[in-house]
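Subject: Structure for you to look through

Dear colleague,

I am handing over the structure below, and after it I have written out what was found, so that you can follow each point on screen. Please keep the view open while you read.

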Amino acid sequence: MKHYHLKSCIPLVIALVGLLWIPGCKPKGTQSAVSGNAASKVYVAPGKYDEFYNFVSGGFSGQMSVYGLPSGRLFRVIPVFSVDPEKGWGYSEETKPMLNTSHGFVPWDDLHHIALSVTGSEHDGRWAFGNANNTPRIARIDLKTFRTAEIIEIPNSAGNHSSPFITENSEYVVAGTRFSVPLGDKLDVPINTYKENFKGTVSFIGVDKTSGDMSIAFQILLPGINFDLARAGKGRSAGWFFFSCYNSEKANTLLEVNASQKDKDFIMAVNWKKAEAYAKAGKGVKKAVTYAHNKYDDAKHSATSTMMNEVLMLDPKDCPDMVYFMPCPKSPHGCDTDPTGEYIVGSGKLAAVIPVFSFAKIEAAIAAKNYDGEYDGIPVLKYEAVLHGEVKKPGLGPLHTEFDDKGNAYTSFFVSSEIVKWNVKTLEVIDRVPTYYSIGHLCVPGGPTKKPWGKYVIAYNKITKDRYLPTGPELTQSAQIYDISGEKMKLLLDFPTIGEPHYAEAIPADLIMKNSRKIFKIEENKNPYAALGDNNAKVERKGNEIHVYMTSIRSHFTPDNIEGVKLGETVYFHVTNLEQDWDVPHGFAVKGANNAELLIMPGETQTLKWTPEKVGVYPMYCTDFCSALHQEMQGYIRVSPGGANVPLTFSTGKTAPAATEKKDTTAKPN
Amino acid sequence: MKQKLSVASRILVAFSSGALIAVFFLPAWRIDLFAPQYPEGLTMNIWINGLSGDVDIINGLNHYIGMKHITVDMFPEFKFLPFVVGFYMLLGLLVAVTGKRKFLFIYLVLTAIGGLLAMLDFYRWGYNYGHNLDPKAAIQVPGLSYQPPLIGHKRILNFDSYSFPDAGGWIVIGAAILAFGVWFAEWYHHHKLEKKQK
């Protein structure tokens, strides 16, 4: 039997081996996609500057990265929601409060979307906002320092995905909850009571015109559905905000099936000017909540975290004409407004068409009360009444749309892995190019504004497979830049990215580089632990804490020999970088520290907390190659047993510290 | 030779000495340092009464080679130089008001001596700074001194250093040339007259 079986297999094996020799039975390779002069279009000669800054979300890295375009060179990773031991972010005493939340210190998050500040719906180069998808928060990055200046937590939210999109004059950034959740006092409920007990909210976070400080202006209480993405109107529609919503089925399990049942979900239109007026008129109800508001002070070089306990909630029931739903095919994801503000593009992830809505028609439908019923008490506008038209057969899995300055739209297609260019007015497809592979978001410089520069479109891809040298199971994500100056899109360059890029924005370099800060002025340093000059360096004992007021300047620390620390005491190294010269940070690290290093910019003070656990002499050194004698920038700190009689002394440049006993607790320099 | 200067000459001398006021508002001299790490350059501006520019950064770098810290109060010159310039301005005005040829001559001689002394003093300080080094300095190159160039360019370790008059200095030089020019014009004019009279 066995023998017979084997024998009968032989011809089959031969046939299969033969098949291997059949050539050309594969789709064409990707190499053919690049034309001859692509390299010269992305080549930025050494020492020359890129034309655009590209602010790219780091996705699950929790950070924001900064690239140059068209070269694709990485300049900086700005730590935002995740700790960054390299920069001491979340490890230094000064930065720890930035990651504080109502859940305590949260060392990681998932940053999905970027919103650059705008004035008159045009980039003004002041701030970049980013959302935390997991523990709902919004961060503001100051584009003078390229650092996170503020983080505000969003209460009554779970999964802050529909965020931080921005209104025409940066009046508000928004935060729509991706998960609906039980709110208020009734939090401990069975999950299968979703339909009764779960609610959604969108929050409008006010941004101060001059300082950029954020505060939650109001929240809108909404049905228990999922909010996905959003865009503010522009021009005539500037007073409106549009949010894509899915799971109008209100499923609480197996959403991939259960939330894909209905033919249409919604795009929600919020008249935020009206909502603002309702909030001012006292139509809202104050709800007790807990959320953290964290701010970094560039003079004190330290952050404070304040717990807030109230939020203003607007209920559409009490606020007529504030919220409308527009039917949109199949779980819409992207929701993008064109540069004129007249057209709103919804992208149903599973839809065969791209619906484009007209703001003029929305206004008319609202005026005529042209409704298709209600959804949880909120009027649903008739699809046909608000529709400008549908892009037919665009591709598979449309996600996001950006715009150029010539009336064209560029939509990303995850499933068919391509970018499709189409005309916003005529809805005709003009061109399509493959992406490698499975594009998510895409970015045209100035694409979400009234004034796109329309030179490039950049694809942010989820899968890279064979695009780069393999690096084991985990591969890099990538971006691809295409020239869109002509009728046809042309692939120019691939470049790897950090984390997983989601949304990104690009802005002309000259809007930002002229404001970029070089140093912090030492005379403006208001950190209470700063030592403003070598002569002010000192070591103090306060109870069982040792405070080292240390200075660093090329190429020494003052003090660099410290004795008298006892086991059981906690040492705080407050290191002030006295340099006043651009690009001369100093680092600080001490052996055995259970946290990270400090990286201190010129004129700045940062603090490392260290609790030694063994007796001994510990080395400490500068970690940033600061000068020719960087390697000499080092010192020692001696830790004695708990009951030891070693007096607290410190010195720099003295070979024999006089170990005289001192009565007072403040150490004296030798 | 006639004892009185022409009106034009007197106006020019007045203008020339008046122009010296510029050094109260503009730096007289500048030293620029360029290195691979400082492509944008470091500048020290020398005024008649002080220093400005990247003095602190330059001091920070100089400590490696054991150069003394440059501070304003080390230079007594900064205290009396404003008076010296004031004296020259008054003298120039005196020349213009009196129109006396002899005064112009004295003014020119003093200008030449003053300029020479200033450069000598500058050289002396440069020498002093470049040679009197801390014997415990981190970087010691046997036989190498770090004296900045008196004027022009000099390579010092990784730095290209340039020493040139700054805006105020150029105005002083221009004013001096003008004063000497006046003298020459007067002389030339006089010479021609004498020839004609012969």
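To begin with one detail, which residue stands opposite A:Val590 in β44(A)? It is A:Met620, and before I say more about that part of the chain, please bear in mind that this is a predicted model.

**Around β41(A)**

The strand β41 of chain A, residues 586–590, pairs in the antiparallel sense with β42 (residues 598–600) of chain A over three bridges, and A:Phe588 has A:Leu598 as its bridge partner in β42(A). Two bridges also join β41(A) to β44(A), and these two strands run antiparallel as well. Four of the five residues of β41(A) are buried, so the strand is largely enclosed by the rest of the structure.

The loop between β44 (616–621) and β45 (634–640) of chain A holds A:Phe625. Is this residue buried or exposed? A:Phe625 counts as exposed, because it has 11 C-beta neighbours inside 10 Å, where the cut-off for exposed is 12 or fewer.

**A sheet and the helix on it**

In chain A you will also find an open sheet of four strands, in the order β21-β22-β23-β26, with antiparallel pairing. Its edge strands, each of which pairs on one side only, are β21 (332–337) and β26 (387–392) of chain A. If direction is ignored, neighbouring strands of this sheet are turned by 20° against each other on average. Within the sheet, β22(A) and β23(A) run antiparallel and are joined by three bridges, and A:Tyr343 has A:Ser358 as its bridge partner in β23(A). The helix α6(A) packs on the sheet, where it touches β22, β23 and β26 of chain A, and its direction makes about 65° with that of β23(A).

After the helix comes A:Lys369, whose phi is positive, near 50°.

**A hairpin**

The strands β2 (residues 64–69) and β3 (residues 74–78) of chain A pair in the antiparallel sense over four bridges, with A:Ser65 opposite A:Val77 in β3(A). Their hairpin has four residues between the strands, and in it A:Gly72 takes a positive phi near 75°.

**Domains and chains**

The domain assignment of chain A gives domain 1 (49–515) and domain 2 (525–669), and the centres of the two, taken over C-alpha atoms, are separated by 45 Å. Their contact takes 12 residues from domain 1 of chain A and 15 residues from domain 2 of chain A. On the side of domain 1 that touches domain 2, the residues divide into three nonpolar, four polar and five charged.

Finally, the contact between chain A and chain B takes six residues from chain A and five residues from chain B, and those on the side of chain A divide into three nonpolar, one polar and two charged.

With best wishes

Note on methods: Residues are numbered from 1 along each chain as its sequence is written. Chains are lettered from A and ligands numbered from 1 in the order in which they are written. This is a predicted model: local features need pLDDT of at least 70, side-chain atom pairs count only at pLDDT 80 or more; totals for chains, interfaces and linings use all residues. Two residues are in contact if their C-beta atoms, placed from the backbone, lie within 7 Å. Ala, Val, Leu, Ile, Met, Phe, Trp, Tyr, Cys and Pro count as nonpolar, Asp, Glu, Lys and Arg as charged, and the others, Gly among them, as polar. Two strands pair if DSSP finds at least two bridges between them. Axes are lines fitted to C-alpha atoms, for helices over the stretch in contact, and angles run from 0 to 180 degrees between N-to-C directions. Domain bounds come from an automatic or database domain assignment. A residue is buried if 20 or more other C-beta atoms lie within 10 Å of its own, exposed if 12 or fewer, and partly exposed in between; C-beta atoms are placed from the backbone.
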